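Thanks for coming. I will keep this short and take one structure from start to end.

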Amino acid sequence: LKNFLAVPTPEKEALIPSLLFRRDLVALAGRRRNGKTTLTLNLSVALASGKPFIGYEIPHPCRVIAFLLEDDTREIHDKVRVVVNGSYDVKENLFLFTREYFNQREIKIGAANPKFVNCIRDICESVEPDCIILDNAAQLVHGDVNNAVKVYALCELCRDISQTFNCAVIVPAHPRKANESVPSLLSNPEAFFEEVMGSSGFINSFGSLWGIQRNQDDLTHFLGGPQRVTGVQNTIALLKRDDGWFEIVDDWEELFNMACGTKKRQDAWKALPNKFRFTDAHRICESHIQSKDSFNNWLQHCVRLALMIKQSDGSYIKRTKSEVKKSSTDSKHLKRIK
């Protein structure tokens with residue numbers, strides 16, 4: 001034990017506090033056309049530019065490699081141009097590779113192919129990334145999602161590069177073929193994630209499970225968090241803008257359901273005064289949310305969703321339903337003027 005604890009290991013630095021850490025292995029689950037590619041492009045550009053991502057602050061720009069192995073290169077060009085749109089300075093922090101890159105070098109894509117793995121490692125050694133996206137899992141196992149050996153090779157590749165290069169690795173993956181009883185990401189996330197791929201070895205090997213699901217009203221729900229590091233996950237309701245970016249909805253009821261989906265959180269919300277400081281608030285809500293870390297996570301999620309505002313003096317203010325509606329109306333009016 002003494003020798004083990006004496007071995008120097010790098011800290012689990014937060015790339016996105018409360019969402020993504022170095023050496024995280026993330027499986028991003030979502031059905032076709034539910035927004036996985038849009039979300040990963042948003043994430044890549046936000047990380048590379050250091051700008052916020054769906055309400056999460058990013059402390060500093062990061063180097064990102066996105067291996068986009070499914071879509072046509074021109075389609076990716078078009079999507080990236082829309083998302084960047086001259087507003088996001090990614091400097092030299094974002095690197096994109098498509099199937100064409102490997103095809104030109106006659107390298108067969110696959111986590112079990114040593115030539116492909118060595119190429120990935122060579123790119124990582126050159127770039128020294130903070131985050132890697134491997135899109136997607138099916139491409140890396142040649143569509144043989146029920147083959148536990150191929151799935152294990154994919155997991156081993158992700159573990160190896162995350163540890164070697166001290167970076168986060170995110171792998172989008174499709175759930176199995178949809179049927180009449182598709183599990184809900186909101187009401188039954190465990191069942192939703194169990195639908196991913198064909199082998200439970202995939203999701204069991206990844207420390208963080210993120211999910212994205214779009215409903216019939218084009219409202220998209222995202223569930224994510226660094227579950228293995230902090231044990232925390234949160235849900236956000238999103239809408240896709242015309243510029244290819246997801247933004248948090250401005251519907252108070254929807255946001256409240258995201259932040260206060262349990263009776264304990266609802267009781268904590270009711271117990272809080274309209275203006276408060278953290279120490280006083282935790283004491284007031286301790287009978288509802290005992291852990292200080294859990295209470296802080298809930299508080300920050302409320303701020304992220306704009307249900308609360310943190311002021312410059314460190315105090316918090318609860319936003320009422322009418323305030324959120326007025327802010328939404330004013331914002332839409334300004335957009336029409338522009």
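Predicted model: local features only at pLDDT ≥ 70, side-chain atom pairs only at ≥ 80, totals over all residues.

Residues are numbered from 1 along each chain as its sequence is written, and side-chain values use heavy atoms, with hydrogens and water left out.

The largest pocket holds about 480 Å³ of space. A pocket here is an open set of points on a 1 Å grid over the protein atoms alone, where a 1.4 Å probe fits, with protein on both sides within 12 Å along at least five of seven lines; lining residues have an atom within 4 Å of a point. The volume is the space filled by probe spheres set on the points, which are joined across faces, edges and corners. Of the 20 lining residues, Arg33, Gly35, Thr37, Thr38 and Lys79 are the closest to the centre. Helix H2 (36-49) and helix H3 (73-84) each give the lining at least two residues; helices are DSSP runs of H or I, at least four residues, numbered from the N terminus.

Now the loop. Glu195 sits between helix H8 (189-194) and helix H9 (200-205). Is Glu195 buried or exposed? Glu195 counts as buried because its relative accessibility is 18%, and buried means under 20% (1.4 Å probe, protein chains only), exposed over 50%, partly exposed in between. Its C-alpha atom is 8.9 Å from that of Ala29, 166 residues away along the chain.

Last, Leu5 in helix H1 (residues 2-6) counts as exposed, at 61% relative accessibility.
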